[in-house]
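Open the structure in your viewer and keep the selection tool at hand. The stops below say what to select next and what is there.

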Amino acid sequence: MSLLQSSLHMLSWLLVSSLLSSSAEVANSKPGCQKNCGNLTIPYPFGIGEGCSLSEEFSITCNNSYNPPRSYLGMIEIEVVDVSFDDLRIKNEVAYKCYNESHPVNTGDIFSDIQINLTGTPFTFSDTANRFTLVGCNSMALLLGYNNTMTGCISTCNNTKEVDSGSCSSFGCCQTPIPKYLDVLVTLLMNVYNDSNSWTFNPCTYAFIVDQDSYTFDASDLYGHLDSLEKFRNTSVVLDWAIGNETCHEAQKNLATYICQGNSLCREAAPRGYRCICKTGYEGNPYLNPGCTDIDECADPNICEDKCINLPGSYQCIPENTGFPIKATIGLGFSLFFVIVAIPWLYFFIKRRKLIKLRERFFQQNGGMLLQQQIACQEGSTESQQIFTAKELEKASDNYAESRIIGRGGHGTVYKGLLPKSKVVAIKKSKIVDKSQIEQFINEVVILTQINHRNVVKLLGCCLETEVPLLVYEFVPNYTLYDHIHNHNGILFLSWENRLRIAAETASALAYLHSATSIPIIHRDVKSSNILLDNNYTAKVSDFGASRLIPLDESQVTTLVQGTFGYLDPEYFQTSKLTEKSDVYSFGIVLLELLTGEKPISFERPEIERSLSSHFILSMQRNRLFQILEVQIATEDNREQIIAVAELAERCLRLKGGERPTMKQVAVELEKLTTLQRHPWEQADHKEILRLLDEHAPMDLYAPGCQKNCGNLTIPYPFGIGEGCSLSEEFSITCNNSYNPPRPYLRLKRLEVMDISQHDLRIKNEVAYACYNESHPVQTNEILADTPINLNNTPFTFSDTANRFTLLGCNSMALLAGDNMSLSGCISKCNQTNDVDSGSCSSSGCCQAPVPQNLKVFQTLLMNENNYSKSWTFNPCTYAFIVDQASYSFEASDLYGHLDSLQKFRNAPVVIDWAIGNETCQEAQRNLGTYLCQRNSLCLESASRGYRCSCKPGYEGNPYLSPGCTDIDECANPNICKDKCINLPGSYQCIPENTGFPIKATIERCLTLKGCKRPRMKQVAVELEKLTTFQRHPWEQADHEEVLGLLDEHEPMDLYAVGNSSCNPYDGASSGQCSAGNSAISAITLPR
C-alpha cells in the first residue's frame, strides 16, 4: 500500500508538472515590452513604454543617447541605478558649497537646496538603509522634514590630523538617521566656525543622503575644489516603494485591483500601501500572471547525495537503492489517467474513514466513555477538565513539529502548543501506557485536573484518540530550575532570595500533594529539572509521569524502582518500598543544588566528591559548609539562613526514611525562613514590631532623622537634604533658606528643583533667547549659541517622552545640538498676528521637535531664517527651550513685548528622568547588599541603564526605604462599597451586608438526590471554615494568601487540620498532631 501511495503521489505531481512546466525563462517584464535599458533589467510593475508599467509613477524612460543607455524615473527625471522587488536605487544629488581667498567664509552663511522631491509618488527615502551625511570641516548640515522639523549634524576639524578615514564621527564627516517616510529632500548647509585653517585642505562642504552600505568616508574626500563631487554623485540613495494606499487586508477585498499573483504573499509597506513577494521555494515576478514559479532545487547536482525529487516549493532526497519505480509509474500513469484521477480521491476517503474509526477505537480503549461519565459528575468541569481531540492537538503543536519540542524525558516528549484564543499549553506524548489499568488512569486524570495549587503545574485535560493518551498541561515559559542553577541556555544567576523562595514554594507543593489532596500523591521523580519557573520566578512542580496515588489507609507500596540517578532515595532503591519520605530525600538533593550550584552526580569532580550528597554530609561533619557553597550566595547577611537550610537538607538526606521530616514540616521551616528574610525586623523591639506590622501605619518618604521638606517641597529618599540623607552625592539636595519660601537645588548642578516623584524630577527651565529693535536690526542667519543645562556625570537625562524642544518666534530657526553633534530642531514662520493661532504649536509663531533619547547635555542654536521687518513690531524676541509638553500651551501673546514672556517660560518645568546605578533589574538583584527595592515594590528598567523602584498596585510609601511599601486601606473611603468593605493586601472586596456565606445553599447541595451532584467533603469543609474564619479573624490582620484561599472555592486546603485552632504548623507541632496520619500509597501508575 505504501508503494501505491508513493507512486500515486509522485505521479500526480509529475502530471501537474508536465502540464505546467516550461523551459522558457521566467518573464519579469510585461509581455511585448522592452526588458532592459542598458545593463539594467526593468521588472514589472516598472516598465519602459506606454502600457508597460503599472502606472505612470512606475514608468521608466530609457535614454539611448548614452552608451550604455541610462534609465530615468519618468515623472521626476532621476537616474535609476538599480530596481528590485524590495526597493529602488537612484543616483545621488549633492548639496555643496565652496570657498577660496576671493570668496571668504562667513560664519552662519546658509546655502539651501531642494535636491529631490518625491511628493505625489509611491516612493519615500528609506530610513533604514540611508543616512544623512555631511562631509566638510567646521560645518553644519540640516535636513528639513515634515512640519518644518529638522535633523542634522555638525562636523569639526582644523587640520588633517584630526580626521580619520573610515570614521564618520563628527571629525571631517558626520552622519545622522533620516526621518521616517521622508519624501522631500531639503538641505541647509552652513558654516558654524569662521576658521580659515581648514580652507587650505577643505575648500568645499558637501551634504547628501546616501545608502550607508555604498559609502565609506575617506580623508581624501575633503581635499580639492569639488574633486569628490563626482564620487558622491555616484553613490546611491535607496527609495522604498509601495502599491497604492491600501493595506493588504483592504486591497484583497477587491480582487479586480489586487495585483499579487499566484504563489505570492502580500506584505504591508510603510506608511501605506503594500508589496508582493514570492513564497519560499518560488521565484519570478509576483506582479505578473500566472505569478511565481517553483524553484527546481534538483537542478543543483550537489543538493542531494542520491536521488533528488523536486516538489512544489521544496524538494526531497531519496536514496538510490529504494527501487522507486518512477519510469514504470509514469508510463502506467499516462495510459490510465482517468484511473489516477479517481484513485487518490478514493484512497484519501478510505484513509479518512479508517483514521476516524481508529481514533474511535483508541478513545474507547483508553477509557474515553468512563472519563466522560466522571466529568459529567464534576461541577465546573468544562473549564478544569477537558477532553481534547487528536485534531485539536495536532493543529496546536503544528503536527508535533521538531521546532515545538520543549522537553524530552524518561516518560515522554513535551511539545509547545497554541490553542484557540492564543492559549499556550504544554502537550505531553507519553511513551507507553499500561492498558490493564485504564480505569485507574482515568481516575487519576480526574483527580489531577482538580489539583489547584499555585506551585503545581495544572493538568488541563487529555486526548484519548491516540494509541498512547496525550496529557495537556499549562505552559510555564521560563525554563527549569536546573537550567537556572547550572546556567544552561545563558540564563542569568539566581539570587539567594529567589532560591529560598523557590525551595519554599516547591516544598509547599509537595506537602500539598502528600497531605492535602483528596487522594495523596507521591511524585517519585522530584528533581530540579522537574521544577519549572514562570516569568516571576514562581516555582511549578511538573512531570507526574512516575507519580503514584495511594488510598488513605496505606502508608507504603512495593513497586518497581523509578526515579533519576542522583536523586533516588537509597532506602527505596534497596527495598522497593515507596513512601512519601522518598520525595523528601529527592527534595533534599534539590536543596543541595540550590546551596552549592553543583549537579547531584558529576564525573568531572574528584571521586570523593562525585556524589553531591556524600560530599555535602562529609563537609557538614567537618564543619566545612561554607567551603562548598556557591560563592555568590554566601554573604554575612544570609549566613544564618544558609546554615538553617543546610541543616534541613541534612535531615532530608538521612538514610532511614523514618528519621526524615515530612514535606509538611519541611515546608513550614522554609516558610519561616522566607518570612524572616522578608521581615528581618522580627527580632526588633516589641513596639517597633507592632508599628512595622501595621499595614495602615503612615510611612515616611524620607530617611529617618533627615530634613523632610524644603519650603513647600517634600524631599523623598533616595533624594535627601544633608550629609547621609541621600543615596549618593548626585541625589543630594541643597535647601536655600534665603528665599521665602526656601528653594531646593540639585547640589551638584545648582539646578532649582520644582517637584520630585518616584518616577521623575522636574527642574526650573533655562531659556535661550535673542531680541531685536530698531537700534539692533535683525541680520538674516545671525546665530546665538547657548548651553543652558548640563547633566553630564549625573544619573539624570532629559526625558524624551515628556519633553519637547520648543521655539517661540517669527521667521526663526532653533537647533538642539546633542552629545554627539547630532541635531534636532524646527522652523517657525509668521509675518503678522493673523498668522498665529493660540493653542497650536505647528510652525506659525511656535514649533516643537522631539528630544533625542538619553540626552544629558545640549547646545541651543538660535537664528533668523528671513529678514522680515514686519514681525519685529509684535515679536521683538525669539525663545528656545526644552519643556514638559503637558505644562506648556502656546498663546499668541507669548510673542509680544520685549522679554515679557521670559519668566513664564522659565517657570515651565523640564522633566528629568533618573535611575539607580548602571545595572538592569536582573543584574542588581544578584547582589541583595546593594539592591534598593524594598518589600511590596517592583523593579522597573530605565530607558538606557539603571533601574527604579515602584510600589506595587494597591500599595503606597517609599519603595527605597525599609520596610518598603504599605497596603492602601481602600475601605477608608466610605463610598467605595455600597455595603460591607473588606480590605485585602493590595486590594479590597465588597460584600453585601446580609449575604454572609451561603450555608443554606451548602446544606441543599449536600441533600441533592444525585450523588454526583453533591459537593465533596473537602468543599463542605472549606465553606464551613470560611464561616469560622470570619468569626475568628479581623480581616485586616489576615495574610494575603489566606484571604485568597478563603475567598476561592478551588484554592488548595491549608496544610493543617481543618477547624483545629490549637494545631498550627508554625508552633512546632509534629505532623501527627496536625494531620489525620501520614500519606499512604496505592499501586496506580500514571501513563509514562
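Begin by selecting K429, where UniProt, in an unreviewed entry, places the feature "binding site". UniProt positions are given in the numbering used here, feature names are shortened, and annotations may be inferred rather than shown by experiment. K429 is found in strand β27; helices (H or I, at least four residues) and strands (E, at least two) are DSSP runs, numbered from the N terminus. With a relative accessible area of 31%, K429 is partly exposed. Buried means under 20% relative accessible area, exposed over 50%, and partly exposed in between (1.4 Å probe, protein chains only).

Before moving on, note how the model is to be read. It is a predicted model, in which local features need pLDDT of at least 70 and side-chain atom pairs count only at pLDDT 80 or more, while totals for chains, interfaces and linings use all residues. Residues are numbered from 1 along each chain as its sequence is written, and side-chain values use heavy atoms, with hydrogens and water left out.

Now show the whole chain. The protein chain holds 24 helices and 59 strands. Of its 1088 residues, 47% are buried. The chain exposes about 53500 Å², and carbon and sulfur atoms supply 50% of that area; accessible areas come from the Shrake-Rupley method with a 1.4 Å probe, and for residues only the protein chains shown count as cover.

Most residues other than glycine have a negative phi, and most peptide bonds are trans. Select S422, in the loop between β26 (412-419) and β27 (423-430). Phi of S422 is positive, near 60°, and the residue is not a glycine. Is S422 buried or exposed? At 59% relative accessibility, S422 counts as exposed.

Then go to N811, in the loop between β46 (803-808) and β47 (812-817). N811 also has a positive phi, of about 50°, although it is not a glycine. N811 is buried, with a relative accessible area of 2%.

Two cis peptide bonds come next. Select N289 and P290: the bond joining them is cis, with omega about 10°. P290 sits in the loop between β20 (282-283) and β21 (293-294). Then select Y717 and P718, where the peptide bond is cis and omega is near 20°. P718 lies in the loop between β37 (713-714) and β38 (720-721).

Now turn to a sheet. Strands of a sheet pair through backbone hydrogen bonds, either parallel or antiparallel. Select β8, β16, β11 and β14, which in that order form an open sheet of four strands with antiparallel pairing; two strands pair if DSSP finds at least two bridges between them. β8 (95-98) and β14 (173-176) are the edge strands, each pairing on one side only. Within this sheet, neighbouring strands are turned by 15° against each other on average, direction ignored. Axes are lines fitted to C-alpha atoms, for helices over the stretch in contact, and angles run from 0 to 180 degrees between N-to-C directions. Zoom in on β8 and β16 (residues 204-211), which run antiparallel and are joined by four bridges. Here C98 stands opposite C204 in β16.

The last stop is a hairpin. Select β53 (residues 937-941) and β54 (residues 947-951), which pair in the antiparallel sense over five bridges. Five residues lie between the two strands of this hairpin, and G946 in the turn has a positive phi of about 85°. To finish, find S937, which stands opposite C951 in β54.
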